[in-house]
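Below is a short briefing on two ligand sites. The sequence and structure come first, then the notes.

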Amino acid sequence: MTTTTIVKAPSTSAPPAPAAAAAPAGGVATGAKIRVHALRYNPQEPGSVPHMQTYELEQTEGMTLFIALSEIRETLDPTLQFDFVCRAGICGSCAMMVNGRPTLACRTLTRDVGPDITLAPLPVFELIGDLSVNTGRWMRGTSERLEAWLHGDPQARDICRIEEPMEPELAEKLNELDRCVECGCCVAACGTARMRPDFVGAVGMAKIARFRLDPRDKRTDDDYYELVGTDDGVFGCMSLLACHDVCPKDLPLQTQIAFLRRKMAGKGWA
Amino acid sequence: MKVVYTDVLVIGGGLAGLRLAIAARRRGHDALILSLVPPKRSHSKAAQGGMQASLGNVIKGQGDNEDVHFEDTVRGSDWGADQEVVRMFVNTAPKAVRELAAWGVPWSRVRKGDRQVVINGQKVTITERDEAHGLVAQRDFGGTKKWRTCYVSDCTGHAMLQAVGDQAIAAAIPVHERTEALALIHDGGRCYGAVVRDLVTGTLSAYLAKATAITTGGAGRLYRVTTNAVICEGIGHAIALETGVAALGNMEAVQFHPTGIFPAGILVTEGCRGDGGLLKDADGHRFMPDYEPEKKELASRDVVSRRMEEHIAKGKGVKSRFGDHLWLDITLLGEQHIRHNLREVYEICHYFMGVDPVKDMIPVRPAQHYTMGGVRTKPSGESPTLKGLFSAGEAACWDMHGFNRLGGNSVAETVVAGMIVGEYVADFCDRAENDVNIPTGVVREFLEREQAKLDRLAQGGGSEDAAKLKARMQEIMTAKVGIFRRGKDLEEAVDELQELLVRSRSIGLRSRAPGPNPELVTAYRTQKMLRLALTVAYGALTRTESRGAHFREDHPRRDDAQWLKRTLATWKSDADTLPTLDYEPLDIRRMELPPGWRGYGAKDYTDHPDTAARQAEVDALKEKHADRFARQRALMPYDHLLPQRLKGRNERIDERFPAAPGGAGDTPESAFAWESE
Amino acid sequence: MASTSPTIAGAGLAERPRRSRVPARLDLLQSATGLVLALFMWGHMFFVSTILVSKDFMWTVTKMFEGYFIFGRPYPGIVSVIVFGILVLFVAHAFLAVRKLPISFRQWQMYRGHMKVMKHEDTTLWWVQAVTGFMLFFLVTVHLYQMLMHPGLIGPYESADRVWTGRWWPLYLVMLFAVELHGGIGLYRLAVKWGWFERGDADATRATLKKAKWVLTVFFLVLGLATLAAYMKIGYEHADRAGERYVPASVQPGAVQ
Ligand SMILES: Cc1cc2nc3c(=O)[nH]c(=O)nc-3n(C[C@H](O)[C@H](O)[C@H](O)COP(=O)(O)OP(=O)(O)OC[C@H]3O[C@@H](n4cnc5c(N)ncnc54)[C@H](O)[C@@H]3O)c2cc1C
Ligand code: HEM
Ligand code: HEM
Ligand code: SF4
Ligand code: F3S
Ligand code: FES
């Protein structure tokens with residue numbers, strides 16, 4: 001990181017609301033200024049070097065990082081790269097390091113993290129540019145490696161007939177584990193994943209735990225051992241629990257990883 | 001020239017695209033999915049409330065079946081829907097839920113015995129049947145006679161997308177993430193694939209396929225206030241329109257959702273009202289019963305949205321610095337219910353507004369929500385005018401929603417359409433005459449043309465700012481092509497949008513950064529979106545009646561005599577500033593349910609001359625057949641339209657199949673077998 | 001026992017050679033050795049701290065370990081055997097745990113940087129554990145070697161002279177902090193790692209565990225420091241007679257040692 005440049009919004013008038021932002025035109029300025037320090041680097045551009053760039057803008061009421069970054073792109077710097085899709089905290093696209101911790105930017109209110117906000121892309125994942133990383137590819141790779149899909153009964157099931165019943169409590173528990181949005185926060189927060197690129201990460205273990213709980217998945221613990229019974233798998237986890245603490249969907253990662261570890265360790269002499 | 005070949009090119013990795021690709025893959029064809037974002041981040045993710053399918057497991061859904069679902073959907077559509085397609089849909093929806101159950105969706109389940117629910121503001125105890133215990137549960141949703149909406153807490157779309165996405169990975173279907181289709185490659189009669197931009201490197205390549213499917217979802221971002229994701233910009237619609245051959249159907253039919261949180265536009269689910277939430281005004285008064293004594297908060301979306309705006313216009317809105325809004329009150333549902341069954345809603349209120357919905361009311365106002373219009377197709381999902389082009393999901397108009405779609409019918413549609421159209425796509429690819437054999441010249445020409453367009457934007461030295469044009473367009477659409485439409489506003493809108501379209505031809509860029517270049521993306525998308533916006537606005541201006549979500553203050557009646565027809569828009573030439581509109585009549589004489597009153601909303605319409613005769617015919621046939629299947633067959637046969645493996649009745653608690661002799665389960669009516677690989 | 005379900009066989013996994021079960025065993029062993037060592041350390045701290053009660057008491061406990069009260073005379077060899085057992089555990093634990101340490105400077109740097117920006121307690125605690133573990137490797141080896149070779153030289157004066165006159169106290173001071181931090185964090189980690197004590201609310205359990213961990217660490221540090229101070233004081237007072245063995249008053253008349 002070398003240079004630091006500062007870009008300021010014209011201070012005479014409140015910056016116009018970005019079109020992408022949902023707040024009505026103009027927003028309601030709160031008078032406070034915030035400074036967004038963003039990591040800039042475009043690997044596609046020869047000669048581009050990672051550096052911090054500072055943008056100064058006026059805070060509006062209810063301003064989220066989605067609104068702030070959209071405004072920066074529309075009024076200050078059209079080249080800034082970042083990813084938002086649902087802007088409602090449900091799709092997992094917008095995870096980034098906010099003041100050093102991974103979180104969903106779209107549901108972060110600037111007033112909670114400002115007035116100086118440092119933004120960086122998630123580590124571990126391949127960098128696309130600035131704040132944008134390729135979590136999608138990583139997640140697909142993990143899914144393939146862990147065969148993270150339901151391995152149903154190979155016997156044909158007739159979908160015209162009444163579905164298999166399931167206890168309502170179990171369905172609720174499954175849903176609890178199914179809520180992962182593959183945002184990558186847990187991986188970025190994990191010291192183990194930082195040191196060891198092949199580590200499955202909490203998201204991978206949570207997926208296995210999810211299918212293991214599901215009676216519709218016909219795999220046995222021996223099968224799961226094949227997938228996570230390694231030092232890159234559940235035995236590689238050093239129980240740092242940052243994953244648990246940052247997961248924006250509050251998945252019970254601590255409990256699930258411990259559970260999986262017990263089951264898999266049980267296979268050691270079985 | 002980089003060229004990628006496959007059998008089925010699926011543009012869009014939402015529920016519709018994924019399910020379609022899986023269907024084709026299982027029939028042995030290679031499928032490749034393009035998506036702007038990783039598929040599991042598609043906007044299908046956002047569906048909270050649920051998916052309609054007439055399982056009839058819960059007690060309040062008892063007696064539900066395809067017929068009831070059919071009627072609800074057609075009434076909801078204000079008779080704009082293609083009734084054959086609706087029939088195909090309602091018969092496949094239960095199969096889709098059951099297939100998804102087998103794929104791992106953790107559907108919320110029925111618990112036998114008593115439970116307390118809130119109906120119509122009152123706490124009521126209902127008793128679920130023992131034999132329903134553990135089966136997929138249904139909740140109440142707007143515009144339905146029975147409780148029919150299957151759900152996964154309030155993250156139904158998420159759970160569905162997760163399961164279908166996983167199955168696509170299991171089927172080893174490649175997804176080219178962060179790619180964008182910029183144009184369809186075609187020769188005026190046959191579609192061959194698409195020109196695709198890699199959003200990481202910025203390079204263009206050609207993807208060639210026997211069949212190309214547009215499953216790109218909605219176009220909500222034509223509006224400023226919308227519940228849609230930022231990627232729902234209608235580019236899939238636009239590239240179909242730009243062929244000049246394929247048509248877009250009913251683009252003026254735009255749905256507004258009653259409860260977008262104010263002012264952010266993020267959706268809180270209809271499930272809130274389904275579960276018993278109430279709408280209140282500035283005085284804390286529950287006003288919906290004043291307008292809709294029967295269905296109250298649960299009338300169809302178009303009706304509720306309009307009533308809300310009407311109420312605000314009467315000065316009953318809550319004043320705020322951002323404008324007026326109303327309240328959604330779910331406090332009466334209790335903490336347990338809100339924090340478990342409406343958890344997503346709880347989180348949204350908590351994170352985006354600092355509001356605790358357990359104690360406080362939620363500020364809401366209608367926001368753009370759903371694009372009923374789309375790429376016009378036959379019931380098979382194929383464009384009638386451009387061979388080899390298919391479409392499914394929100395992007396398509398095979399027309400099961402007409403002028404208003406019911407909540408919960410949309411995610412159901414995505415999967416059902418994926419199943420049905422996927423089979424048709426596979427059939428199409430099976431036929432030898434559909435092998436692609438296209439001159440490389442055509443491919444090169446399309447690639448070069450698209451590259452030239454991008455170069456012109458980047459280097460043409462234009463002076464217009466794309467972001468500003470886009471913002472203005474969204475402003476116009478929200479203000480003048482919104483819930484209440486007037487001829488004069490629409491004219492102004494069309495004029496100014498045309499002006500913007502012309503200006504968009506001289507957009508210039510401030511930066512030439514290689515790679516994704518977000519500014520360039522905004523630039524070319526704005527050009528496409530303006531065409532789409534014009535298609536919506538012009539269609540709305542021309543349609544001088546009110547139907548479903550399309551409401552003209554100056555023409556408040558539904559006019560079946562003049563307007564029982566579908567708008568078809570094509571964009572003939574690059575130089576045009578308006579689409580060419582054609583109309584496709586709907587044939588009442590073949591309708592199973594002839595037009596009438598919807599059962600809610602204004603009782604105000606002009607009958608078509610054929611309606612009475614058909615109604616008499618229908619009544620006579622109903623008289624004649626006691627068996628509901630025979631009756632249906634007599635009224636409007638549709639079975640021939642369903643792919644072989646999706647034919648067959650649906651079993652219910654009250655409609656048990658006879659026990660199969662070997663126990664293995666197949667009755668003659670249910671020939672379909674679900675395969676795991 | 002059908003170890004492979006038909007499902008996974010269908011997915012082609014059956015043809016793959018089965019994964020080794022060694023990682024599972026090593027993980028268990030790592031925890032087991034850590035647990036035994038940590039529990040041993042509690043006992044050990046109570047044992048050495050008997051000096052706080054009285055010299056005689058410490059002497060008695062020492063002799064007990066040497067089998068004096070069973071055989072009627074001390075056999076320091078017994079202590080050597082215990083020490084050897086601990087040494088084996090210790091080496092095993094070190095060998096197992098070292099797999100988790102960063103293997104390159106780059107990894108080390110990564111972790112440091114990560115820890116600094118994250119400011120996440122458990123992440124930082126692991127680093128403390130890694131550093132203290134690394135220190136213990138050297139410190140404890142020395143200590144154990146001493147105990148292994150001179151098992152008879154344990155006692156109120158013998159130990160105190162070693163600590164003071166033999167100048168072992170700096171080593172013990174560092175070792176004390178290292179081992180208490182390392183063991184305390186280790187036990188906490190064991191609990192969360194295997195999900196012990198977890199009832200319903202994992203977050204609440206974890207908060208309780210962490211509190212318990214700090215309480216224990218502080219307790220043993222205070223105890224250890226007091227003990228060390230006691231040895232130093234005795235050693236200081238006994239410095240001019242360093243090397244003299246301790247003989248309790250009760251056994252003095254007929255004592256042979
Ligand atoms: C907030 C919200 C809540 C909803 N709740 C419900 C509900 O409860 N029940 C219900 O039935 N319906 C609901 N809906 C509607 C329903 O979610 C959508 O209609 C449906 O999911 C659309 O699915 P799809 O597969 O057609 O498109 P999407 O899921 O939107 O997927 C579109 C895909 O196309 C890709 N794409 C787009 N353009 C291009 C391009 N040019 N090139 C390449 N790829 C492209 C995108 O990357 C994406 O993968 C809701 C909608 C919203 C906005
Ligand atoms: C050579 C000296 C030692 C080294 C290098 C060492 C290193 C480590 C390391 C790196 C860990 C973390 C392992 C992980 O995160 O998975 C660990 C865990 C642990 N250590 Fe040590 N240690 C040493 C000695 C000791 C001693 C003397 C004790 C006894 C007090 C001890 C008790 C523990 C415990 C209880 C754990 C937790 C076990 C687990 O996580 O499975 N260690 N050690
Ligand atoms: C069976 C093996 C062991 C025996 C017999 C033993 C014995 C002793 C004795 C007698 C002392 C008092 C000082 C002295 O005589 O030098 C002592 C102190 C100490 N030992 Fe050990 N020890 C053993 C193993 C260990 C281990 C494995 C550790 C650390 C991991 C350890 C850490 C310490 C510390 C920190 C002190 C100083 C305590 C204080 O002064 O408060 N010992 N040990
Ligand atoms: S487990 Fe949580 S943090 Fe990790 S990817 Fe899933 S949602 Fe994100
Ligand atoms: S942070 Fe990492 S080490 Fe394990 S407990 Fe979580 S995955
Ligand atoms: S943009 Fe979807 S979670 Fe933030």
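Buried means under 20% relative accessible area, exposed over 50%, and partly exposed in between, with a 1.4 Å probe and protein chains only. This is a predicted model, in which local features need pLDDT of at least 70, side-chain atom pairs count only at pLDDT 80 or more, and totals for chains, interfaces and linings use all residues. Residues are numbered from 1 along each chain as its sequence is written, and side-chain values use heavy atoms, with hydrogens and water left out.

**Iron of ligand 2**
- His93(C) and His182(C) each coordinate the iron atom through NE2, at 2.0 Å; donors are N, O and S atoms within 2.8 Å of the metal (3.2 Å for Na, K and Ca).
- His93(C) is in helix H5 (residues 76-97) and His182(C) in helix H9 (residues 169-194) of chain C, so the pair ties together parts 89 residues apart in sequence; helices are DSSP runs (H or I) of at least four residues.
- His93(C) is buried, at 16% relative accessible area, and His182(C) is also buried at 16%.

**Surroundings of ligand 2**
- The shell holds 27 residues, counted when a heavy atom lies within 4 Å.
- Chains A and C both contribute residues, so the site is shared between chains.
- Ser31(C) places a polar side-chain atom 2.6 Å from an oxygen atom of ligand 2.
- For Lys193(C), a side-chain N or O atom is 2.7 Å from an oxygen atom of ligand 2.

**Surroundings of ligand 5**
- Residues around ligand 5 include Cys190(A), Phe199(A), Met205(A) and Cys243(A).

Conventions
Chains lettered and ligands numbered in written order. Helix = DSSP H or I, 4+ residues; strand = E, 2+ residues; numbered from the N terminus. Polar contact = N/O pair within 3.5 Å; in protein donor to acceptor, adjacent residues only side chain to side chain.
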